[in-house]
Amino acid sequence: MPGGGEPHESPLVVKLEINPRAKTDEDEEVDTDTWAINRILIDPGSSVNILFYHTYKTMGGRDEELIPSTYKIYGFNGTTNKPKGEITMRIPLETISSEVLFCVVDVESPYNALIGRPWLHGILGVPSTFHQCIKFPLPQGV
């Protein structure tokens with residue numbers, strides 16, 4: 001816990017490795033394209049995983065690789081945004097790797113990405129803003 005257990009209201013912000021390519025059968029464990037992305041907000045209240053457009057472009061993403069989306073994103077302030085598209089990427093964690101569908105949105109944000117329930121549920125993760133961590137099962141333990 002931050003500050004030895006002192007009260008805090010900090011959001012859960014993490015640094016994760018993200019590989020912009022979905023894993024294919026011919027891929028080995030070569031992760032030369034993996035990016036260490038900081039300032040990722042973990043939001044268990046979000047029903048989508050969001051990758052902000054500025055981060056997507058920094059990672060070398062091209063607009064033609066985006067799959068068109070048919071929905072809109074509604075922010076907490078009531079504004080709506082049409083996503084630029086969707087992209088599947090990979091997040092390697094220890095000995096497991098998960099495919100993540102990101103909605104790419106072109107809005108200003110202090111974060112590079114927002115990870116919501118789809119990824120958390122996929123890894124059986126339990127986030128804690130109080131303890132500032134995520135726990136999830138691995139073959140060798142939690």
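The model is predicted, so local features need pLDDT of at least 70 and side-chain atom pairs count only at pLDDT 80 or more, while totals for chains, interfaces and linings use all residues. Residues are numbered from 1 along each chain as its sequence is written, and side-chain values use heavy atoms, with hydrogens and water left out.

Let's start with strand 6. Strands here are DSSP runs of E, at least two residues long, numbered from the N terminus. Strand 6 (residues 85-93) is mostly covered, with 8 of its 9 residues buried; buried means under 20% relative accessible area, exposed over 50%, and partly exposed in between, using a 1.4 Å probe and protein chains only. Strand 6 runs antiparallel to strand 7 (residues 96-105), and 9 bridges join them; two strands pair if DSSP finds at least two bridges between them. Across that pairing, T88 stands opposite L101 in strand 7. Strands 6 and 7 form a hairpin with 2 residues between them, and E94 in the turn has a positive phi of about 50°.

Two other non-glycine residues with positive phi are set out here.

| Residue | Phi | Place |

Now the rings. The charged end of K84 sits over the ring of Y53, 4.7 Å from its centre; that label needs NZ of Lys or CZ of Arg within 6 Å of the ring centre and within 35 degrees of the ring normal.

Key: Helix = DSSP H or I, 4+ residues; strand = E, 2+ residues; numbered from the N terminus.
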